[in-house]
Amino acid sequence: MNLIQVLIESFRSMAANRLRTALTMLGIVIGIASVVLLLALGDSMQRFIGKQLQSLGTNMVYVMPGGDRTAAQRAREGKVAVLTLDDAEALNALPSLTGAAPALQGSFKVSAGNENLSSTVIGVTPAMFTIRNWKVDQGTLFGEADVRASARLIVIGQKVADQFFYRADPLGRYLRIENVSFQVIGVLAGEGRQSDGTELSEQILVPITAASAYLVKSPFPQNVHYINAQGKPNVAMGDAIQDIKEVIRDRHRIRVDDPDDFRVQNLNTIAETANKITTGVALLLGLIGAISLLVGGIGIMNIMLVSVTERTREIGIRMAIGARPNHILLQFLAEAVVICLAGGLVGIAIAASGALAITKFADFEVYLTMSGVIVACGFATVVGVFFGFYPARRASRLLPVDCLRYE
Amino acid sequence: MSGPLIVIRGVTKTYLSGSVETPVLHGVDMRVERGDFVSIMGQSGSGKSTLMNILGCLDQATGGTYLLDGADTRTLGRAALADIRNRTIGFVFQSFNLIKRMTVAENVALPLIYAGVGRAKAQARALTELERVGLGALGKRTPSQLSGGQQQRVAIARALVTDPPLLLADEPTGNLDTHTSDDIMNSFQTLNRERGITIVLVTHEADVAAYSRRLVRLKDGLVLYDGPAQEGLRQLAGALPAIAAGVAP
């Protein structure tokens, strides 16, 4: 009695009761379809959020002046909380960080020719380009020497370039910020939302020293608005943040009992929350799928029991002509597994079309993963074996004489 | 292979339903030599079907010994008994017991499939066996498309496809008309004579028993007569009017 024979018999008996087989399969179809689709959804959602967060920079940290206390409180205590270029320099040397980049930011009048608008201009150092992974499409980025020289150079986003130099090559041209001319040396590649909420293609970047000297015109040229730092990929964000805090507290000579005069903000906490939510949602959806599989499995068991009773006489005949108990067991087990696997395949097909439909209509890419399909087939088989075993064993344990007497 | 095919000694069978014991066989002794043709007769309740089930290894005796082809069947497990039913015994039932979903040829091939013979080879041998019973052309039909006599011939082909030394038939003509019954019994006789197959059949019809060489009559779970069929049937024919006379008011 080989496998092919067993399968032929299974298909034959399924075909003999088409409606019943279809209805029995339905539970498994729904179960597998939901499990596969939900696995795919969970996976795609995680990937989507992961990508979103990656573009924001999950290992990005913002160090900002001022702790939990208000400026007024600090003023009363006679302390002014600031961050300086030297703070940034010190952080940049931390081994747990890829880099730390200071920034000065403000809204200024930007103009070229007849175009004139108020925009955010950020003064940065080359370290910012590194940690934010900003690259140029055309031209170059400014370097350390330019920063030291407070060079009036400017790197702009694509949209800014389009706005001011529509169709013309912006490189070498000038943008006036607060009536100071800055020469365009590079156009940033790409577009998209940044971790600080700004749009990459709308960036206007100048050397931080030039921003200080010509735009902010601060009496304290060392002060910066914030420091952007990036943790190394293999370092836990918590550890990196701890290092940052220690360095700044040390530099600011804050006593052990006193609170920080700065804040460290991290996107990783958001990422973790998002991850927890997606995992939770995926688990919940998976649970629903598992429940429908369970119900489907019980349906299979029920029908197999009915089938065993219905075919008692046939079992007797088979035993009389030489079927061993194992032959009978295998036959009924195979039938349950075939029903489940067939149901599983239909379920996968339904899940695939569901994924296609979602991708098409919901503007959210969902595709079945190979692992999901394999897991589903495995599930279907396990359900078949698990719920088919009891009826099959019952059939195999019947006595031939009782079966033959059964009407 | 020598010695008797069937030896039963002191076989008893008691059915249990709940706590009620119903003894059916009270100690039956019987030997069947190879090549014999035995009819078992008896009124309903005499235990002839029970004896048949035990002989066919479909049921186990409560007590006594049963040696089939030299093997002590009471010591064998279910798989081993299945193998015996597959290779040593061929069954023919009153209600044919063909599997309706399968074609005639598949029905006949099934014992070979269980014996582990490949599909193609099993089908070929099934067709040969069907030709022997004169139904070679009907292999692709389903049992319901055949007449009763034809179905019983298919059952005979199925019983013989594994070349068993023993054919057990339980009221094989019970569902057939007289003419077809004669046909079936003639083929039994031919099988017995030409292929040397040992046949044991249960019947309540004297005409059917007349085809056999030997008769065993059971009454209330005991052997009442065991001897030549002709003699036994004559006794039975003589007894019947006496019984009728005794019962009549």
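Which residues does Ile32(A) touch, not counting residues up to four places away in sequence? I'll come to that after one caveat: this is a predicted model.

The list for Ile32(A) runs as follows: Leu293(A), then Gly343(A), Gly344(A), Gly347(A) and Ile348(A), then Ala376(A), Phe379(A) and Ala380(A), again leaving out residues up to four places away in sequence.

That residue belongs to the largest nonpolar core, which has 123 residues. Within this core, the residues that touch the most other members are Ile32(A), Val36(A) and Ala336(A). As for secondary structure, the largest contribution to the core comes from H12(A), which gives 15 residues.

As general background, nonpolar side chains in soluble globular proteins tend to be buried together.

Next, the interface. On the chain A side 19 residues are in contact with chain B, and on the chain B side the number is 21. Four helices of chain A each supply at least two residues of the side that touches chain B: H1 (3-16), H11 (312-320), H12 (325-361) and H14 (400-405). So much for position; by type, that side of chain A has 11 nonpolar residues, five polar and three charged.

Last, chain B. Its secondary structure consists of 10 strands and eight helices. The chain has 249 residues, and 46% of them are buried. Taking contacts in chain B between residues at least 6 apart in sequence, 67% join residues at least 24 apart.

Technical notes. Residues are numbered from 1 along each chain as its sequence is written. Chains are lettered from A and ligands numbered from 1 in the order in which they are written. This is a predicted model: local features need pLDDT of at least 70, side-chain atom pairs count only at pLDDT 80 or more; totals for chains, interfaces and linings use all residues. Two residues are in contact if their C-beta atoms, placed from the backbone, lie within 7 Å. Ala, Val, Leu, Ile, Met, Phe, Trp, Tyr, Cys and Pro count as nonpolar, Asp, Glu, Lys and Arg as charged, and the others, Gly among them, as polar. A nonpolar core is a set of buried Ala, Val, Leu, Ile, Met, Phe, Trp, Tyr and Cys residues joined through C-beta atoms within 7 Å. A residue is buried if 20 or more other C-beta atoms lie within 10 Å of its own, exposed if 12 or fewer, and partly exposed in between; C-beta atoms are placed from the backbone.
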